[in-house]
Every structure is written in C-alpha cells, then in structure tokens.
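Please take a moment to look over the sequence and the structure below before reading on.

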Amino acid sequence: MRKLIVSEFLSLDGVIQAPGGADEDTEGGFKHGGWTMPYWHDDIGKSFGAMMQEVDAFLLGRKTYVTHANAFEPMPPGDPFGDMMNAPAKYVVSKSLEKPIWRNTTIIRDNVVEAVRKLKAAPGKNIATDGSHKLVHTLLEHDLVDELHLLLYPLLLGGGKRLFPEGVHTAFKLKAATPYPSGVVGLHYERER
C-alpha cells in the first residue's frame, strides 16, 4: 500500500493559506500571502528534496494544482526544482477544470474517497499532497493520510484556511522533529493505527 503524505507550511495558529506569494490566495480577504519567505533556509529545501525521492505522484485540489502548474510546467528541463516537481504523476480533484494544464495529469471528478483508495492501492511510491485544504480535510475525515510532514513557522496569522478540519479525532506518532536556523521546525508524524 502506498503512503499518502500531507506536506504543509503551517503557522502556529494552524493556517496553511498562501505561503508562497502575496497574490497566491487572497480568498476571504487573506492579506498575508508569502508569509514563509522571511524564514526560508536551504536545509528546508534539502528536506523537501529528500522526501520527494520517495514520491512519484501528487494529489492536489484544483487551486493548488493551478498554482503549481503555472509555476513549474514552464520551467526548462534541467532545472533541478522544476525536474523534481514536473516528474511525478499528477492527480487533481476538480469538477470545473476542463483539461489538464500540467504534464502527466489525471482529473478526478467524482468519488474522491474511492479514487484515492484505489490510487493508494496501486503500485508505486508515495503520494504527496500540499496546500489543497478542502481535499486535505476530506482525506483526514476518511482516514486516508499516512504521514504529516509539517513545517511549523514561528508566527500567528490570525485567520485563514486551516490545515485540520473540525470534528476529526485522529492520532499520529512523532517520527522526527528538525529545528532550522530560521526558527522553523520540521515535524514528521506517522498515523497510529
């Protein structure tokens, strides 16, 4: 069985919205886009790259998929980050996306939970999900998440899209905690079953 890994940038108050840029996601009047930038450290990138060695598929919600596709699809072959992000298969959950805009994409339109169960049961490496807060809520509500790879940032955002849905009671076991010089802490949790 393949592992489904949720990998997120997370504020101390549980927000995952728009970590990468000012205009990434302003839904709900969110004004703090790009909040991770002042805390970047190259070791964070190295850790992500190590995780990606065992990933051969992304599972994303439509908004995160479009943001990623626009950022990574145009990168030329040979760009190390572009090659890492463009190589895996992509699965996007969407009822409105008419056609793929990122190479090697399958659109999941219906029966998301069953589609994810089949994807996890298929041969392959790990499946990574990031952003995609509505999808992550569904995955957690149906106990489909095997690992959490969280980068906890030392700030409060005061509001925004949250990683964890209300009403879900699930136990995870801490596998590793890695402090970075910028004040970020990498937390790796594994689902306790």
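This is a predicted model: local features need pLDDT of at least 70, side-chain atom pairs count only at pLDDT 80 or more; totals for chains, interfaces and linings use all residues.

Residues are numbered from 1 along each chain as its sequence is written, and side-chain values use heavy atoms, with hydrogens and water left out.

Helices (H or I, at least four residues) and strands (E, at least two) are DSSP runs, numbered from the N terminus. In helix 5, which covers residues 133–141, the buried residues are His133, Leu135, Val136, His137, Leu139 and Leu140, where buried means under 20% relative accessible area, exposed over 50% and partly exposed in between, with a 1.4 Å probe and protein chains only. These buried residues pack against several elements, among them strand 1 (4–11), strand 3 (89–93) and helix 4 (112–121). After helix 5 comes Asp143, which has a positive phi, near 55°.

A nonpolar core is a set of buried Ala, Val, Leu, Ile, Met, Phe, Trp, Tyr and Cys residues joined through side-chain atoms within 4.5 Å. The largest such core has 24 residues, and those with the most contacts inside it are Val6, Leu59, Val116, Leu139 and Leu163. Two or more residues of this core come from each of strand 1, strand 2, strand 3, helix 4, helix 5 and strand 6 (147–153). A second, separate core has 15 residues, including Ile5, Met51, Phe58 and Met85.

Lys120 lies in helix 4, and Lys120 counts as buried because its relative accessibility is 6%. Leaving aside neighbours within four places in sequence, Lys120 is in contact with Met1, Arg2, Leu4, Ile127, Leu144 and Asp146, contact meaning heavy atoms within 4.5 Å.
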